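Reader: Hey, I'm new to this one. Can you walk me through it?

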Amino acid sequence: MTDGSQPVIGRVVATEALPAGPHQFHFWTTPDAPVGIGAIVRVDGGGRTVHAVITDGRAYSDLVTPLHDVMASEGNPAAAPPPTRRTEVRLWTAAVLRQEPAEPLQPVPLADVRSADAHDVEVALRMDTYARGDERTALPVGLYSAGGTRAPIYLDADFLLGPESAHLSISGVSGLATKTSAVLFLLASLFTHFPKRKGRVAAVCFNVKGPDLDFLDQPSDLPPEDVEMYEALGIPAKPFERVHYYAPYKADGVNLNTLRTHPALVDEVEPLVWGLHEVLDYTEVLLNRDDIDAKADAFLDFLADRVVGKPFVDEWGQHHLVESFAGLEGLFRAIFDGLEQAAGGRAEMWRTHHVATIRKVRNRLMNVSTRCKGLVTDEVMSGDLPFGAFEDRAVYAVDVAGLDQLGQDLVFTRIVSKLREHLERRDLGVENVVVFVDELNKYAPADGPDTYVRKMLLDLSERGRYLGLVLFGAQQFRSQVHRRVVGNAGTTVYGRMDGDELATPGYQTLSVATKSKLATLPKGELMVRHPHFTQPVFVRFPRPPVLAGRQGVERFPPVPDVPFADAIVRQLVALDRGMAPQRAHDLIAGRREDDVRRALLATRRARPADVLAFFTARLGTAVRRQRVDEESAAAVSPLKPLEDPYAPT
Amino acid sequence: MRAIPVGGPEAAPEGIGFADGVQRWSVEGHFGIAPVVHAEVAAGVLVREGDRLRGAVRRAEEFLIVPGNRLDPALRAALDGFGLAVRTAEAPRAHPLVDRWAAAQVVEQRREGLEREVCGEFLAHGDQPLVVDGGLAGLAGASGAERAIGVVKQHETQFLDGEDLVVALTLPEGSRSSVFARTLANGAVTHSWYLRLWPWSDEDVLHGLARVERLATGGDDDVDRVSRWLLAERAPIAGRDPRWDRLLYPIHEVETVLRAHWGGWS
């Protein structure tokens with residue numbers, strides 16, 4: 001088992017105070033040995049081979065007290081160095097990754113220590129069980145680089161996307177772009193290496209701040225060392241081939257609420273617009289805990305089951321077909337009018353629902369389209385993700401950065417719930433979906449109110465792996481994310497960490513040296529925990545092959561909001577490049593904005609061959625106000641009076 | 001006899017050697033009242049390259065010592081079965097304490113013998129000076145012995161008296177005494193001088209006081225230079241040893257290396 005290809009760099013030492021155990025041991029090296037915290041080493045002796053990772057290191061000399069050094073230099077730190085350098089030792093602590101044979105488990109032999117070569121790294125991290133052969137499920141997560149050895153580190157797809165375990169949690173301080181970069185690199189790796197036999201895979205990425213995920217289809221200028229890393233990891237250094245962008249409108253209903261508004265790119269952004277149908281099942285998100293009592297819940301169920309989308313006749317004979325918030329408002333008005341007339345205005349119940357409950361639900365629901373204006377519309381129309389037609393190895397980027405908390409919660413909840421529903425029915429279009437959510441400490445906090453979003457994320461983290469629904473969650477402070485969410489993440493990744501965060505109990509198992517390394521980790525390095533790895537491993541990863549948000553905004557600066565008419569025309573022209581902008585301008589001139597919006601959304605949904613004709617048809621005939629003057633009024637003959645059918649006989 | 005300032009510290013030549021020896025012994029058992037002593041001795045030379053010391057020469061021996069004139073041949077044969085050399089100590093009379101004293105003499109002689117061997121081996125090659133822990137009596141006549149510099153830490157033997165002694169024992173820091181000649185038991189002549197390595201104010205008069213010895217064949221024109229080399233060796237301090245004020249760090253390191261090779265008693 002000892003090939004001896006690597007030179008001896010140290011020797012295991014054991015004393016009564018620092019014994020060698022089956023899980024940890026100590027060894028010394030010369031000061032210039034090419035090892036450090038996180039390096040993997042190999043010990044052969046006593047018929048067994050031990051692979052271990054260095055978790056701590058100390059250096060000391062035979063100096064008894066600093067005072068002796070002061071005396072020797074006669075109190076002058078700038079004095080000439082002593083002719084003889086003191087004997088010093090580098091004493092390392094290593095945690096065992098793997099022992100062969102595994103049984104009987106014994107203390108590490110007191111033998112020579114070598115740096116691990118690429119094969120050792122593979123064996124040490126048990127990657128040999130999934131990185132080779134026809135059943136290969138290895139996904140590169142970065143390069144191990146220490147002791148002159150560079151070796152790819154692989155995650156096991158079965159433990160990243162399920163069914164064995166699933167989910168990924170990445171933590172790190174903000175501002176270094178490490179978390180987003182790492183996730184994008186990992187998605188590129190996933191799309192390249194995820195085995196075809198495991199099914200199709202797509203990613204839904206929520207852009208929660210700035211332009212982080214707005215340029216995933218644009219190439220970046222990678223330095224040669226990053227290109228080399230991509231080659232070493234077998235991943236093409238190019239942007240994602242299939243990216244679909246979604247963003248809600250701003251309050252004006254025509255300008256997209258995203259920073260990807262540069263004319264060269266904005267046409268690829270689909271509006272995310274939901275009506276009553278899309279929102280009603282998720283009212284729990286929109287209503288706070290005080291709102292949701294049993295009575296309100298019952299009335300909401302009544303609306304969903306009996307009213308919305310179905311012909312409904314009220315007690316006063318009015319027919320309703322509620323398809324939109326506007327239609328729902330009509331129903332509420334009919335109820336209140338009817339109750340006003342009934343029993344002399346003293347009626348308090350309608351179909352077992354108290355009028356106060358109805359009023360409360362009405363207030364909350366009708367406010368939704370106001371509070372989430374741009375995302376939620378009063379009308380019957382929607383722009384949505386293509387549930388049922390998801391593409392293999394495609395990224396669906398949903399830009400919610402411009403939405404307030406309520407809108408973001410609604411988007412998360414509805415999209416994830418829809419993904420789950422479709423995955424349960426196996427009709428999403430893909431069998432596996434990665435959902436990337438940044439700022440998880442905001443959406444699934446460890447403390448605070450038990451929101452619907454948090455419940456949804458908990459459910460996703462606990463049940464998702466059986467469905468192929470996988471959460472990639474990023475957060476600055478892992479300790480501030482609900483422990484069941486981070487606890488269910490089979491793979492945990494750390495970038496540079498905040499010192500205060502590292503002082504929290506969740507990091508107690510890490511050595512002081514490992515924590516120190518984490519606190520000073522350079523950009524482009526990660527510490528990875530994975531079910532196959534018995535100890536955390538440090539890896540380097542290349543910059544993602546896409547434009548970072550900041551670079552993207554510099555290269556494709558967002559354009560200011562344009563007037564309503566211009567925005568409409570631009571979107572129409574984007575659908576039909578041959579369309580003369582002036583014709584579209586003429587078409588919408590003087591038309592009600594709501595009508596224009598409705599027609600545009602319908603056109604976008606339908607993607608007709610003749611855009612202008614379709615849009616014109618949807619817009620309908622213009623009803624123009626006519627000025628009636630004295631002369632023309634006189635020209636109209638008086639109508640012949642009809643018989644009043646209600647006249648008393 | 002007068003006090004002579006030697007000037008500031010001066011770096012010793014590259015490749016200078018440092019020699020020392022160590023010994024240990026214990027009574028492992030008795031034949032009757034005669035003790036059987038188990039002994040180990042070692043000697044070595046470390047060479048300084050740059051600011052690092054590396055091992056150049058090392059010798060070690062492990063042996064048993066018995067009172068040779070009182071041991072039954074059968075018992076002696078039994079001792080041979082241990083696989084260790086057996087040496088004899090001739091005590092003037094049969095008593096366990098006297099036997100131990102005699103055994104200690106054997107150990108010390110053997111250690112000095114090893115020291116002579118390693119120093120001789122070093123001095124026989126090259127032209128670098130060798131700093132030896134202790135006097136140079138054993139090196140008289142050895143090839144290259146003129147390059148040996150003995151540094152004696154103990155002052156149990158009195159070479160001066162009267163005003164000369166006062167001058168020697170009150171040397172200020174960085175000063176040496178005049179050189180005086182001394183004839184050894186084997187007829188060899190050495191040049192010797194006292195050197196104050198550390199100030200002795202508020203300390204014992206012997207604090208920081210070493211006696212330096214060179215074989216007279218080497219002349220005495222480089223006394224100040226050698227003294228400056230030794231002054232430079234005050235740093236680093238061999239702080240783990242109570243004799244740190246006179247024990248040069250490289251010499252201390254030779255001891256450390258030799259003891260490290262020993263490990264525990266087998």
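Author: Here is a short tour, one topic at a time.

Author: This is a predicted model, where local features need pLDDT of at least 70, side-chain atom pairs count only at pLDDT 80 or more, and totals for chains, interfaces and linings use all residues. Residues are numbered from 1 along each chain as its sequence is written, while chains are lettered from A and ligands numbered from 1 in the order in which they are written.

Reader: Ok, how is chain A divided into domains?

Author: Chain A has domain 1 (8-124), domain 2 (157-269 + 393-553), domain 3 (277-371) and domain 4 (562-619). The bounds come from an automatic or database domain assignment. Taken over C-alpha atoms, the centres of domain 1 and domain 4 of chain A are 72 Å from each other.

Reader: And what does the domain assignment of chain B give?

Author: Chain B gets domain 1 (1-16 + 129-234) and domain 2 (21-127). Their C-alpha centres lie 29 Å apart. The contact between them takes 13 residues from domain 1 of chain B and 13 residues from domain 2 of chain B; two residues are in contact if their C-beta atoms, placed from the backbone, lie within 7 Å. On the domain 1 side there are seven nonpolar, four polar and two charged residues.

Reader: What counts as nonpolar, charged or polar?

Author: Ala, Val, Leu, Ile, Met, Phe, Trp, Tyr, Cys and Pro are nonpolar, Asp, Glu, Lys and Arg are charged, and the others, Gly among them, are polar.

Reader: How many residues of chain A are in contact with chain B?

Author: 15 residues of chain A meet 17 residues of chain B. The chain A side divides into seven nonpolar, five polar and three charged residues.

Reader: Changing topic: which strands close into a barrel in chain A, and in what order?

Author: Six strands do, in the order 1-2-5-4-3-6, with antiparallel pairing. Strands (E, at least two residues) and helices (H or I, at least four) are DSSP runs, numbered from the N terminus, and two strands pair if DSSP finds at least two bridges between them. Strand 3 (residues 40-45) and strand 4 (residues 48-61) of chain A, for instance, are antiparallel over six bridges. There, V41(A) stands opposite A52(A).

Reader: What about strand 7 of chain A, how many of its residues are buried?

Author: Seven of the nine residues in strand 7 (residues 138-146) of chain A are buried. A residue is buried if 20 or more other C-beta atoms lie within 10 Å of its own, exposed if 12 or fewer, and partly exposed in between, with C-beta atoms placed from the backbone. Strand 7 pairs with strand 8 (residues 149-156) of chain A in the antiparallel sense over eight bridges, and L139(A) has L155(A) as its bridge partner. The hairpin has two residues between the strands, and G147(A) takes a positive phi near 60° there.

Reader: Where's the hairpin in chain B, and what's in its turn?

Author: Strand 9 and strand 10 of chain B form a hairpin with five residues between them, and G187(B) in the turn has a positive phi of about 95°. Strand 9 (residues 180-183) and strand 10 pair antiparallel over four bridges, with F180(B) partnered by S192(B). Strand 10 (residues 189-196) of chain B has six of its eight residues buried. On to strand 11 (residues 209-215) of chain B: seven bridges join it to strand 10, again antiparallel.

Reader: What does helix 5 of chain B pack against?

Author: Its buried residues pack against strand 2 (17-31), strand 3 (34-49), strand 4 (52-67) and strand 6 (130-133) of chain B. Among the buried ones are Y249(B), I251(B) and L258(B). After helix 5 of chain B comes G263(B), with a positive phi near 70°.

Reader: Which peptide bond to P236(B) is cis?

Author: The one from A235(B), with omega near -5°. P236(B) is in the loop between helix 4 (223-232) and helix 5 of chain B. In chain A, the peptide bond from E103(A) to P104(A) is cis, with omega near -5°.

Reader: Last one: is R426(A) buried or exposed?

Author: R426(A) is exposed, because 11 other C-beta atoms lie within 10 Å. R426(A) has a positive phi of about 60° although it is not a glycine.
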